[in-house]
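Good morning, and thank you for coming. I would like to take you through one structure, element by element. Please have the view open before you as I speak.

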Amino acid sequence: MEGVERKRTVVIVGGGIAGALLAKSIDHMAHAVLIDPKEYFEIPWANLRSRVEPSFAERSVIGHREYLKNGRLIISTAVGVTDKGVVTAEGRVVGFDYLVIATGHPYNSIRGRRDRLEKFQEDNQKIKCSDSIMIVGGGATGVELAGEIAMDFPEKKVTLVHNGPRLLQFIGQKAGGRALEWLKSKNVRVLLEQSIDAASVSESDREFLTSAGETVTADCYFLCVGKPVGSGWLRESALKEYLDRKGRLMVDENFRVGGLHNIFAIGDITDVPELKQGMVARRHALVVAKSLKLLLKGEADCKLCRYRPSLQAQAWVSLGRKDAVVQYSFLTVSGFVPGMFRSRDLFVGKMRKSLGLEC
Ligand SMILES: Cc1cc2nc3c(=O)[nH]c(=O)nc-3n(C[C@H](O)[C@H](O)[C@H](O)COP(=O)(O)OP(=O)(O)OC[C@H]3O[C@@H](n4cnc5c(N)ncnc54)[C@H](O)[C@@H]3O)c2cc1C
């Protein structure tokens with residue numbers, strides 16, 4: 001119709017930290033379409049607290065509809081991109097003016113929010129009914145889960161098995177050392193440089209043999225090993241040539257994929273050389289939201305916002321409800337001071353506020 005301007009369509013694939021924040025930011029200025037296999041957004045690091053305190057998930061698992069007021073929501077998995085649009089698992093083709101890919105990691109396959117909350121209840125029962133618990137993986141997930149269980153259930157025998165020489169290998173040695181000391185002070189048994197063959201264990205097992213021949217006895221276990229990057233769906237797509245060896249999408253300083261003028265990628269899926277973190281994914285989303293705003297107003301590509309990765313990496317790891325270890329550049333601080341900022345609420349209020357929701 002003449003005189004009526006069509007709102008341009010921005011398709012966002014992936015409703016994690018980056019995708020959800022971007023969808024919220026552009027909801028009022030474009031026709032936003034969010035494609036995610038789940039009806040909800042979840043804060044990945046809050047999931048560990050939700051296992052020991054299931055009601056915590058009421059605030060950290062947020063229905064996409066709670067913050068996306070105008071945009072369209074497609075609950076499905078993207079399986080490809082063609083020149084016509086994004087293809088979903090049901091074979092639907094969703095056309096776009098702009099596409100933003102934010103499929104950091106495929107976290108879980110539970111579709112509904114209620115079912116997700118029930119899963120936390122189940123995990124909590126599993127912990128409560130077990131005298132001994134094995135956690136496999138000494139990255140942030142394994143360390144935080146061990147901390148949560150050790151703090152809330154001090155009577156449980158917790159063993160953490162990690163295949164590397166130290167905990168928290170993604171940050172400095174000092175931070176890993178502090179986490180190790182803290183866990184040991186809470187009677188967590190930590191086995192370093194040993195692994196468990198995840199493919200060979202089953203829920204009914206009670207004894208687990210490590211690669212070093214040690215036996216771990218546990219009534220239940222949790223696998224906290226790294227998740228693959230969520231780019232498998234792009235491997236046969238028109239964008240496959242822009243995937244690097246690690247499966248990450250190569251982007252320029254404007255987050256455009258391969259310099260294509262209307263396709264962006266943000267969050268953990270990008271090859272930006274920096275720590276993959278929620279707070280970083282959030283920054284990516286804000287930069288691309290600004291750029292889209294300009295493009296939608298008809299500004300030239302040269303006006304797009306540029307992103308520079310932060311050279312001062314900042315990483316927070318909770319140690320139970322009160323303590324934490326934080327590394328800021330070369331400085332490592334642990335104890336209750338960083339714990340006050342990180343461990344009580346796990347930044348859930350901050351994230352909810354960013355989505356325009358009550359803290
Ligand atoms: C235990 C743990 C603790 C962490 N602690 C911290 C912390 O303290 N601070 C911090 O800043 N960061 C932390 N992180 C890292 C942070 O969670 C990630 O960097 C962040 O979630 C990345 O955001 P993202 O939006 O790029 O991807 P994700 O949050 O992984 O979201 C990806 C979304 O894409 C969807 N998706 C995947 N594939 C498809 C597909 N084919 N089609 C449609 N949708 C798809 C997924 O369902 C998901 O909703 C932690 C991570 C974990 C696991």
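Let me begin with a definition. A residue is called buried if 20 or more other C-beta atoms lie within 10 Å of its own, exposed if 12 or fewer do, and partly exposed in between, with the C-beta atoms placed from the backbone.

What you see is a predicted model, in which local features need a pLDDT of at least 70 and side-chain atom pairs count only at pLDDT 80 or more, while totals for chains, interfaces and linings use all residues. Residue numbers start from 1 along each chain as its sequence is written.

With those terms in hand, I turn to helix α6. Eleven of the 13 residues of α6 are buried, so this helix is largely enclosed by the rest of the structure. Among the buried ones are Val143, Leu145 and Ile149, and Glu144 and Glu148 are on the list as well. From first C-alpha to last, α6 reaches 18 Å, close to the 18 Å expected at 1.5 Å a residue; the expected span is 1.5 Å times one less than the number of residues.

Which residues of α7 are buried? They are Ala175, Gly176, Arg178, Ala179, Leu180, Trp182 and Leu183. The cover over these buried residues includes α6, β11 (157-161), β12 (189-191), β17 (314-319), β18 (323-328) and β19 (331-335); here two residues are in contact if their C-beta atoms, placed from the backbone, lie within 7 Å. Just after α7, asparagine 187 takes a positive phi of about 65°.

Helix α1 is mostly covered, with ten of its ten residues buried. Lys24 is one of those buried residues, and Ile17, Leu21 and Leu22 are others.

Next, the overall division of the chain. The protein chain is split into domain 1 (9-37 + 76-107 + 227-310) and domain 2 (113-226 + 313-350), with bounds that come from an automatic or database domain assignment. Taken over C-alpha atoms, the centres of domain 1 and domain 2 are 31 Å apart. Four residues from domain 1 and four residues from domain 2 make up the contact. On the domain 1 side, the residues that touch domain 2 are one nonpolar, two polar and one charged. In this classification, Ala, Val, Leu, Ile, Met, Phe, Trp, Tyr, Cys and Pro count as nonpolar, Asp, Glu, Lys and Arg as charged, and the others, Gly among them, as polar.

Now to the ligand. Which residues come nearest to the ligand? Of the 36 residues around it, these are Gly14, Gly16, Trp45, Gly104 and Gly267, where a residue is near a molecule if its C-beta atom, placed from the backbone, lies within 6 Å of it. The shell around the ligand has 18 nonpolar, 13 polar and five charged residues. Domain 1 and domain 2 each contribute at least three residues to this shell. The helices α1 (17-26), α6 (140-152) and α8 (278-296), together with strand β2 (31-36), each supply at least two residues of the shell.

I close with several loop positions. Lysine 227 is in the loop between β15 (220-223) and β16 (263-265), and it counts as partly exposed because it has 14 C-beta neighbours inside 10 Å. Its C-alpha atom is separated by 9.6 Å from that of glycine 104, although the two are 123 residues apart along the chain.

Phenylalanine 255 lies in the loop between β15 and β16. Is phenylalanine 255 buried or exposed? Phenylalanine 255 is buried, because 26 other C-beta atoms lie within 10 Å. Its phi is near 70°, a positive value in a residue other than glycine.

Glutamate 193, in the loop between β12 and β13 (207-209), has a positive phi of about 55° although it is not a glycine. With 13 other C-beta atoms within 10 Å, glutamate 193 is partly exposed.

Finally, threonine 77 sits in the loop between β5 (72-75) and β6 (78-81). Leaving aside residues up to four places away in sequence, threonine 77 touches Pro37, Thr88 and Ala89.

Notes: Helices (H or I, at least four residues) and strands (E, at least two) are DSSP runs, numbered from the N terminus.
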